[in-house]
Amino acid sequence: MKTPNGYLARAAGFDARFAFNLKLNQLAQNGVTDAIFSTINTWEAARMSGAFIQEQKLKMENTDNEFHLEASDKGKWNLYQFQVERFVCEQKISQPGEPLDSVFEFENPYDDQPLMFIITFNPGKDESQANMFF
């Protein structure tokens, strides 16, 4: 699964427009609609202005690459490539006293950037065991 920026980068790499289907009631219920439209606007403004060189476009065409784009000055943008790692922590059944730790490691091959993560919690069949600690 690609990030929203990933889809927009792919479209920019192929110099294609970006579109999606939506319903007005879903827009009203979504708390990040403005951020989504702002992101689309940023990518489309850069694409239409010819901001990306051929080398960048080729990287953006590759579905293994992820990018983030920020507007800097009028008519200028900062393009950042970033690494996405997905880890799955399976719910374990343990004996009393047995540790339940999980360790995940990854290396970012790009310039220093803030760590961001999304945690999706899907409790198993027995929701009484649905405890998470950080």
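Predicted model: local features only at pLDDT ≥ 70, side-chain atom pairs only at ≥ 80, totals over all residues.

Begin by selecting Phe 20, Leu 22, Leu 24, Val 32, Ile 36 and Phe 37, which together make a nonpolar surface patch of about 550 Å². Keep Phe 37 selected, and you will find that this residue belongs to helix 3, which covers residues 33–49. Phe 37 has a relative accessible area of 39%, so it counts as partly exposed.

**Second stop: along helix 3.** Now select Thr 42, which also has its place in helix 3. Is Thr 42 buried or exposed? Its relative accessibility is 16%, and because buried means under 20%, Thr 42 counts as buried. If you set aside residues up to four places away in sequence, the residues that Thr 42 touches are Leu 69, Glu 70, Ala 71 and Trp 77.

Ala 71 can be found opposite Trp 77 in strand 2. Five residues lie between the strands of this hairpin, where Gly 75 takes a positive phi near 80 degrees.

Stay in strand 2, residues 77–82, and select Leu 79. From C-alpha to C-alpha, Leu 79 and Leu 69 are 4.6 Å apart in space, although 10 residues separate them in sequence. Leaving aside neighbours within four places in sequence, Leu 79 is in contact with several residues, including Trp 43, Phe 52, Met 60 and Leu 69. Leu 79 counts as partly exposed, at 24% relative accessibility.

**Last stop: a network of charges.** Side chains of opposite charge can pair when their charged atoms come close. Select Asp 15, Glu 44 and Arg 47, which are linked in a network of salt bridges. In the bridge between Asp 15 and Arg 47, the closest N and O atoms are 3.1 Å apart. Asp 15 lies in the loop between helix 1 and helix 2, whereas Arg 47 lies in helix 3, so this pair ties together parts that are 32 residues apart in sequence. The bridge between Glu 44 and Arg 47 has its closest N and O atoms 3.0 Å apart, and both of these residues lie in helix 3, three residues apart, which is about one turn of the helix.

Notes:
Residues numbered from 1 in each chain as written. Heavy atoms only, no water. Patch = residues over 30% accessible without salt bridge, like charges linked within 9 Å, V, L, I, M, F, W, Y side chains within 5 Å. Areas by Shrake-Rupley, 256 points an atom, 1.4 Å probe, with all protein chains shown as cover. Salt bridge = Lys/Arg side-chain N within 4 Å of Asp/Glu carboxyl O. Helix = DSSP H or I, 4+ residues; strand = E, 2+ residues; numbered from the N terminus. Buried < 20%, exposed > 50% of the residue type's maximum accessible area, 1.4 Å probe, protein only. Contact = heavy atoms within 4.5 Å. Pairing = 2+ DSSP bridges.
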